[in-house]
Amino acid sequence: MSDRGAANRESIALAMTDFLVKRDDLRECRIAESEVAELEPGQALLRVDRFGLTANNVTYAVFGEAMSYWDFFPAEDGWGRVPMWGFAEVEQSEAEGVAPGVRLYGYLPPSSYLVVSPAHADEHGFVDAAAHRAALPSTYQRYTRTDGDPFYRADTEEIQMLLRPLFFTSFLIDDQLDDEGFATRGPIMISSASSKTAIGAAFLLSQRAGVELVGLTSPQNAEFVNGLGIYGRVVTYDRIDSLERGPATFVDVAGDGEVRFAVHSHFGDQLGYSMTVGAAHWEELGAGEGELPGPSPVFFFAPDRVVKRSEDWGGPGLQSQVADAWHPFCEWTGGWLEVVRGQGFEAVQSAYLAALEGRVHPQTAHVLSLR
Ligand SMILES: NC(=O)c1ccc[n+]([C@@H]2O[C@H](COP(=O)([O-])OP(=O)(O)OC[C@H]3O[C@@H](n4cnc5c(N)ncnc54)[C@H](OP(=O)(O)O)[C@@H]3O)[C@@H](O)[C@H]2O)c1
């Protein structure tokens, strides 16, 4: 055992706080308190500093079972820890190449601490090789050191934890539509146009020559979406039939069955491509069922596209392209995004329930801490 390890064992037990959600009733939350377990050789203890919370995290809970999101950060039977993106600091380490004090960006539980089993540690960070995460997508396993990260700037940490994972998806949507020739084959309609993921995609697509963007949104968010100035036209969900028929592409971030049905029925076979990105309207997933006219929707899963573009461009090549696109977006968003900060169980619960129930104004987003 190293001297540092011996010192760790003598230290006072650290309090572990977890924000838990009932898996079969996502509106039920509670706090769990325990002691942080002693580190084993090869492990490190991360102190979770802060994390962002948007509809994306709600989708992790909605698809917790189906897409194994509950498996990243196990909890007691029947309960789950909703994964978040945020910053953490290495508090203790028994792992080679991972020193206490290092600040990291990555996939974190809504907890005060996280024990990881670092592998492939270098000056850029490490991956968590814990056995229970081995079968899960690699995109979620990486912890990036802030001191070697092309995305990082200390003064934009809040925007990074809120928007960086979403912008990665936005980048990949823009890239795929361009790559497959859909960017200029008639208008691109994006549902939940007020969501951060849609905004990122629209921000990038709007910079391409010849792209026509239609933002589909709820009546209460139409003014906000219009004000962004990145969609050529904003249409509310109840006015989809006012759109001119012709070749078009659908990027579905809402996942609302009725909206999907309305778009497919209106455009029929002239809809060239229907990309299913999200489920922001998670309680309306099954609505509007019946024979769907037009093309079969294709599920867009960012981690799969990351694998493809990493093969095409190399991992660092992909990261540097996304980072180059990120900085102007980060600057633009900083001009209008209002960050709502909260600390402790009550604040996390209230922000989580507001996101779950779609009560968060799109101009705002939550940055939280359980510490
Ligand atoms: N496939 C992938 O790989 C991938 C990757 C990242 C994100 N996503 C998905 O993209 C979606 C958007 O995530 P985000 O974090 O960008 O969202 P966000 O910014 O938090 O989105 C907020 C917007 O979503 C709609 N909304 C949210 N909750 C709602 C509710 N309960 N009822 C009705 N509308 C609701 C509203 O938009 P409108 O009024 O405009 O409808 C709201 O303004 C999520 O479903 C997420 O999982 C998918």
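A salt bridge is defined here as a side-chain nitrogen of Lys or Arg within 4 Å of a carboxyl oxygen of Asp or Glu. The model is predicted: local features need pLDDT of at least 70, side-chain atom pairs count only at pLDDT 80 or more, and totals for chains, interfaces and linings use all residues. Residues are numbered from 1 along each chain as its sequence is written, and side-chain values use heavy atoms, with hydrogens and water left out.

The structure holds 28 salt bridges. One of them pairs arginine 309 with aspartate 179, with the closest N and O atoms 3.5 Å apart. Arginine 309 lies in helix H7 (residues 302–313) and aspartate 179 in helix H3, so the pair ties together parts 130 residues apart in sequence. Helices (H or I, at least four residues) and strands (E, at least two) are DSSP runs, numbered from the N terminus. Arginine 309 is buried, at 8% relative accessibility. Aspartate 179 is partly exposed, at 41%. Buried means under 20% relative accessible area, exposed over 50%, and partly exposed in between (1.4 Å probe, protein chains only).

Glutamate 158 and arginine 50 form another salt bridge, their closest N and O atoms being 2.9 Å apart. Glutamate 158 sits in helix H3 (residues 157–179) and arginine 50 in strand S3 (residues 44–53), 108 residues apart. Glutamate 158 is buried at 16%; arginine 50 is partly exposed at 24%. Both belong to one network of salt bridges with shared partners, which also includes Arg47, Asp49 and Arg341.

Arginine 81 and aspartate 18 also meet in a salt bridge (3.1 Å, N to O). Arginine 81 is buried at 10%, and aspartate 18 is buried at 11%.
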